[in-house]
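Welcome! Try each task before you read its solution.

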Amino acid sequence: MTRFISHMPLALDQARAAALRGEVPVGAVITDPQGRVVAAEGNRTRERADPTAHAEILAIRAACAAMGSERLPGHDLWVTLEPCPMCAAAISAARITRLYYGAADPRMGGVAHGAQVFRHAQCHHRPDVYDGLSAPQSRALLQAFFAARR
């Protein structure tokens, strides 16, 4: 049996780096079936002037490029914030096996809130979902980021 190792600390590092760039502090990490990090990204929507440059999307693109495949079966995604509907759909399309996320997003989330993408009959693949990992740290990063801008 493999010992569980959380990759949320690295996702939080990516979120902090995003905040330093003036991006909403969200970080994502993808690990392969052996638990090795394949991709680690933070939000870059402002930097790239691209509304799809969410941490999850960038990490999926990088992992697919590294693996030479459009699908990532057996891979896990670690993200600091509940994915939005766009990212949830990409997670499904990439066939990610497990999704671990930190803070819930009642306003824009697409997993436990809002669209609940994985519950739709049209959803082709549903990852195992584990929420609340490093949620207080994830939430604190987001709250501090937005408080500084108000």
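A residue counts as exposed when its relative accessible area is over 50%, and as buried when that area is under 20%. Keep in mind that this is a predicted model.

**Exercise 1.** Decide whether Leu 20 is buried or exposed.

*Solution.* Start by finding Leu 20 in helix H1, which spans residues 8–20. Next, take its relative accessible area, which is 80%. The cut-off for exposed is over 50%, so Leu 20 is exposed.

**Exercise 2.** Work out which strands pair with E4, and in which sense.

*Solution.* Take E3 to begin with: E3 and E4 run parallel and are joined by 5 bridges. Within this pairing, Val 79 has Tyr 101 of E4 as its bridge partner. Now turn to E5 (residues 128–131), which pairs with E4 in the parallel sense over 4 bridges. Here Asp 128 of E5 stands opposite Arg 98. Finally, 5 of the 6 residues of E4 are buried, so the rest of the structure largely encloses this strand.

**Exercise 3.** Find which residues of helix H4 are buried, and what covers them.

*Solution.* Walk along H4, residues 85–93: the buried ones are Cys 87, Ala 88, Ala 90, Ile 91 and Ser 92. Then look at their cover, which includes helix H3 (55–67) and strands E3 (76–81) and E4 (98–103). Last, step past the helix to Arg 95, where phi is positive, near 60°.

Conventions: Residues numbered from 1 in each chain as written. Predicted model: local features only at pLDDT ≥ 70, side-chain atom pairs only at ≥ 80, totals over all residues. Heavy atoms only, no water. Buried < 20%, exposed > 50% of the residue type's maximum accessible area, 1.4 Å probe, protein only. Helix = DSSP H or I, 4+ residues; strand = E, 2+ residues; numbered from the N terminus. Contact = heavy atoms within 4.5 Å. Pairing = 2+ DSSP bridges.
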